[in-house]
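These are brief notes on the model below, taken up point by point.

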Amino acid sequence: MANLYRDTGVVLRVHKLGEADRIITLLTRRNGKVRAVARGVRRTTSRFGARLEPFCHVDVQFYPGRSLDVITQVQTVDAFAQGIVSDYPRYTAAAAVVETADRLAAEEREPATRLYLLVAGALRALSAGERDPSLVLDAFLLRAMAYAGWAPAITECARCGEPGPHRAFSVPVGGVVCAGCRPAGAVSPSPEVIRLLGALLHGDWEVAERCQPSARRDVSGLVAAHLQWHLERQLRSLPLVERRAGG
Amino acid sequence: MYEGVVQDLIDELGRLPGVGPKSAQRIAFHLLGSDPADIKRLVDVLNAVAAGVQFCEVCGTVAEQDKCRICRDPRRDATTICVVEEPKDVLAIERTREFKGRYHVLGGALDPLSGVGPDQLRIRQLLARISSDEVREVIIATDPNTEGEATATYLVRMLRDFPDLTVTRLASGLPMGGDLEFADELTLGRALSGRRQV
């Protein structure tokens with residue numbers, strides 16, 4: 001049994017397999033994204049089925065299999081799922097968090113500790129319910145993009161690097177642009193929107209929570225457009241995220 | 001590889017869920033050796049299914065006519081509706097012989113990761129049914145997993161607008177015939193918080 005290994009991770013997705021098994025996709029601290037088989041977890045007599053639901057933060061023991069590893073033991077680290085499913089806006093935001101993480105961690109087994117910490121942090125904040133789920137989601141998306149190397153430029157012009165503040169924002173160019181570089185199709189968000197983007201990227205919650213609902217809405221739109229431009233495909237869960245009216 | 005139609009049969013059977021190449025071969029040779037009348041019956045059923053299965057216009061479960069057997073039955077209590085995800089859940093609850101009301105099949109659970117939102121489920125039909133019929137209780141019997149719980153949360157929020165309606169959720173806890181020491185902490189926690197006076 002020398003090949004057994006243990007890791008902590010967040011459950012991103014589950015897929016049905018055969019009669020009573022599931023394939024669990026986890027984002028782990030040390031081994032990056034891992035897809036593993038959990039046998040018999042759909043039976044009501046399963047001893048760890050409940051711990052392998054989406055959004056669960058768990059300590060898992062794996063046994064290396066031929067194609068997929070097999071999960072042999074599971075312990076709960078944080079039961080985020082209960083706090084998340086008790087509120088629909090939190091649930092849809094959490095779904096967008098795990099779908100984004102699944103896309104960004106494209107390669108299995110490639111260590112992605114920073115992304116793991118971001119996902120666990122975002123799910124913890126959503127589960128606690130102290131902040132607007134929509135703001136938590138946008139902050140996660142911005143920081144996850146920064147992790148992937150796609151952080152939008154916020155202070156300096158994305159094309160020529162001229163120090164700002166600038167008024168125009170262009171998704172294809174990658175952030176704010178100066179008057180000279182401004183391409184066709186760039187939008188002109190209010191200065192508050194640019195300030196909120198910066199606050200969410202750097203975790204300045206005091207500034208973020210003071211922002212008006214209209215600025216929050218505009219930020220959500222810009223973040224979603226920026227993310228999907230770089231991912232080069234639509235996220236399924238993003239259009240279904242329920243943003244609370246009035247923030 | 002077998003020749004001609006036998007290999008085609010094995011290939012087709014192998015595409016069914018849970019049927020591997022070996023099982024497909026075994027089923028194919030069983031069919032080859034069985035009575036032509038049995039095969040004819042199977043073919044007829046498959047043809048009937050391919051021609052289109054009807055869904056009950058009231059509750060959305062699989063039906064033979066416009067309305068299913070349960071929605072047609074005047075002895076069933078029309079004031080109680082049990083909301084389930086799939087037609088097979090109707091059957092599971094019917095087997096208990098405990099429930100005398102009627103059903104509403106949502107057609108799945110809210111799952112943003114698969115692109116399933118409220119508009120893809122039969123939630124609007126449920127709300128229409130509650131506002132027009134004399135429904136007094138809605139039992140939410142979605143699966144006790146993440147998607148099912150989130151669907152229940154969403155339904156509870158939508159049903160809050162009906163003042164005289166009682167909304168209940170299936171209890172969840174320990175399985176009959178189980179051992180307490182082997183129960184996981186989430187299930188045991190739910191069983192404790194949902195305990196009842198005896």
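1. Rings of Phe, Tyr and Trp (its six-membered ring) are taken as a pair if their centres lie within 6.5 Å. The model is predicted, and by this rule it has 6 aromatic pairs over all chains.

2. One of the pairs is Tyr5(A) with Phe62(A), which is stacked, with 4.9 Å centre to centre and 20° between the planes. This pair links distant parts of the chain: Tyr5(A) belongs to strand β1 (residues 5–17) of chain A and Phe62(A) to strand β4 (residues 57–63) of chain A, 57 residues apart. Tyr5(A) has a relative accessible area of 18% and is therefore buried, the cut-off being under 20%. Phe62(A), at 1% relative accessibility, also counts as buried.

3. Tyr88(A) and Tyr91(A) form a tilted pair, at 6.3 Å centre to centre and with 40° between the planes. Helix α2 of chain A holds both residues, 3 residues apart, about one turn of the helix. Tyr88(A) is buried at 4% relative accessibility, and Tyr91(A) is buried with a relative accessible area of 2%.

4. Phe55(A), Tyr88(A), Tyr91(A) and Tyr154(B) make up one aromatic cluster. Among them, Phe55(A) and Tyr91(A) also line the largest cavity.

5. The structure has 1 cavity of 30 Å³ or more. The space in the largest cavity is about 40 Å³. Its lining comprises 6 nonpolar, 1 polar and 2 charged residues, including Pro54(A), Asp111(B) and Glu147(B). At least two lining residues each come from α2 (88–104) of chain A and α7 (146–159) of chain B.

Key. Residues numbered from 1 in each chain as written. Chains lettered and ligands numbered in written order. Predicted model: local features only at pLDDT ≥ 70, side-chain atom pairs only at ≥ 80, totals over all residues. Heavy atoms only, no water. 1 Å grid on protein atoms, 1.4 Å probe; cavity = no way out; pocket = protein on both sides within 12 Å on 5 of 7 lines; lining within 4 Å. Points joined across faces, edges and corners; volume = space filled by probe spheres on them. Helix = DSSP H or I, 4+ residues; strand = E, 2+ residues; numbered from the N terminus. Nonpolar A, V, L, I, M, F, W, Y, C, P; charged D, E, K, R; others polar. Phe/Tyr/Trp six-rings, centres within 6.5 Å; stacked < 30°, edge-to-face > 60°. Buried < 20%, exposed > 50% of the residue type's maximum accessible area, 1.4 Å probe, protein only.
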